[in-house]
Amino acid sequence: MRKIFFLLAAAALATGAPAQRRLPVIVPLGRPAPAPALVGIDALRADFAAQSGGTTVYFASDSSGLVPAARAVLAAQAAWLRRHPEIVVRIEGSGEHGDTRDHALAVGAKRAEEVRLHLILMGVPAAQLSAMSWGKERPGAGRAVTILVR
Amino acid sequence: MTRSFLNFPLVVAALGLASPVGAQDVQPGAPAATVIAIPPLTTPDSGSKGNEMLAVAWQATQLIEADLRQTSEVMVLKPNQKDYYSYPEVTAPTFSKWRAAGAKALVTGFVQARADGRFTVGCYVYDVDKGRELARKGVVVAGGDIRRAAHKCSGLAYTAITGAPGMFDTRIAYVAESGTGDATVKRIALMDSDGFNHSYVTMGDTLVLTPRLAPHAERIAFVSYAGGTPHVALLDLGSKQQTPLVPVQVTSFAPRFSPDGGRIVFSMMQGQNCDIYVVGAGGGAARRLTTSPGIDTDASFSPDGSKIVFESDRGGSQQLYVMNADGSDQRRISFGFGGHAAPAWSPDGEWIAFTLRGPNGRRIGIMKPDGSGEKLLTNGPNDDGPSWAASSRELAFQRPDRTGRPGIFRVTLDDSQPRQMTIPQAGSDPDWSGVMD
């Protein structure tokens, strides 16, 4: 039934009907459909992002040193990862877009490795962590993102 | 070097080597173009075969003209079909006619049909003022390869005039780009330097970066993200076989072949340290050349293979260093404001090209291998990745075009404006090969 109403409305729009023409009133039947429940890795990713204050830490230009804000995020990430020893994450580092290609690749690798080492320091088993660099190949310069892979 | 050649012109001509016409005038910053005449090539054949060969000869003439027109050292008098000459005049041109036309150099030649269906193409280069032959060359090509024969003639003329190898019969590898942001697809592409024979050598299913051709373009080293970690891969262009240079779990990048093709230098991460390594082009154990903490990358061999220029941020900012090929005697050569990155040693050994990272963005520059004579060639602000032409008088580099798409440009050392090269889509990371055999 609802489908038909949508079709009518769509047909009316498609023919460019003037506004004063009488349109069928669309009445939603029953309760609104619930938002799709997050399951599996998506739910875990959302929980990880919410509880650790973000998946991303930012760096000063050309630097791979952790600023205090980054340490706070990583402390929360580490706590979450310790509670989920079954989870494996990949840390993706990025360089600056204004940098040369190869230097940016190395800077991104250093940043990802800095995050990996810091998480190990905070008690996360190394087996849960891997690191790689995007250099300047992806949007989002100057950061390292922790991504749940499984 | 070029002056000593001039002292022995007869020996040089006999050897078919370069006898530069006014090469001493051609210095960066002081362009002096040599006027060259290219009347239409002729043929010894007669009848309908002769007409057919004349058509091919005219095609070759126009290709030679187009080649030489790309250079800043040579100024071409437009070929005119009324300047036709007979076959015997190929080796006995009327110098007075070309002297009157203002030409300093002259190219003559012929196209001859062979019994096997292929063509013989002969080319001669003359010093018009002296009425003397400078160089000659004959090549046999299949019908479809008249372009390559013309490139050989162009190279012969360019070398005779400038003393530098021509870059007409060379190839360019680059990264072809489509899409934007996370959806960017990058493929390694390969083409002749005049834009012909374009092909893609990777499929686009994996992110790839920085192709580097072996000296005669028979192999390509590049960075592949296959498996998730960027690593150096080697692709044989004949067999299409792809192999990793070092274990793929370790981040490795910035490969470059040695001038003899026997070794490859590259960068590899170990923890947070990025150092330069060398490995035989056939594989084997990599040898570490640098040990400083920080990022050492973008190594490039000197033409004799004895030295390596690279960039390092060991001093706080990216700067250029030169070391022996075994890693000994590392010396900083770049100073001054801004970072110097992505060095490339010229094929003639005279210059090191680099990307300057300064307050006005990224620009391409050159300096002598001892760090003197620094000079910027482009205005930026997003230029990167200089790669030398075989002539050592021109560089390819990447720069976004007016619409912001990554493009490939070429610039000469003589203060002329960079020109965009024509490629089928957006492109970056150009690498220019040596002259094909």
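This is a predicted model: local features need pLDDT of at least 70, side-chain atom pairs count only at pLDDT 80 or more; totals for chains, interfaces and linings use all residues.
Biologist: How many helices and strands are in chain A?
Modeller: Chain A has four helices and four strands. Helices (H or I, at least four residues) and strands (E, at least two) are DSSP runs, numbered from the N terminus. The order in chain A is α-α-β-α-β-α-β-β, starting at the N terminus.

Biologist: What share of chain A is buried?
Modeller: Of its 150 residues, 33% are buried. Buried means 20 or more other C-beta atoms within 10 Å of the residue's own, with C-beta atoms placed from the backbone.

Biologist: Is helix H2 of chain A largely in the open or buried?
Modeller: In the open, because one of the twelve residues of H2(A) is buried. Gly53(A) follows H2(A), and its phi is positive, near 70 degrees.

Biologist: Switching to the contact between chains. How many residues does each chain give?
Modeller: Chain B gives 29 residues and chain A gives 17 residues. Contact means C-beta atoms, placed from the backbone, within 7 Å.

Biologist: Which strands of chain B supply at least two residues each to that side?
Modeller: Among them are S9 (208-213), S13 (252-257) and S21 (339-345).

Biologist: Now S21(B). Which sheet is it in?
Modeller: An open one of four strands in chain B, ordered S21-S22-S23-S24, with antiparallel pairing. Strands pair if DSSP finds at least two bridges between them. S21 and S24 of chain B are at the edges with a single partner strand each, so one side of each has no neighbour in the sheet. S21(B) and S22(B) pair over five bridges. Gly339(B) is opposite Arg357(B) in S22(B).

Biologist: And the largest nonpolar core? Which residues have the most contacts inside it?
Modeller: Leu245(B), Phe266(B), Ile352(B) and Ala353(B), in a core of 98 residues. A nonpolar core is a set of buried Ala, Val, Leu, Ile, Met, Phe, Trp, Tyr and Cys residues joined through C-beta atoms within 7 Å. Helix H4 (residues 101-121) of chain A gives the most to this core, eight residues.

Biologist: What does Phe266(B) touch?
Modeller: Not counting residues up to four places away in sequence, its contacts include Val232(B), Leu245(B) and Tyr277(B).

Key:
Residues are numbered from 1 along each chain as its sequence is written. Chains are lettered from A and ligands numbered from 1 in the order in which they are written. Two residues are in contact if their C-beta atoms, placed from the backbone, lie within 7 Å.
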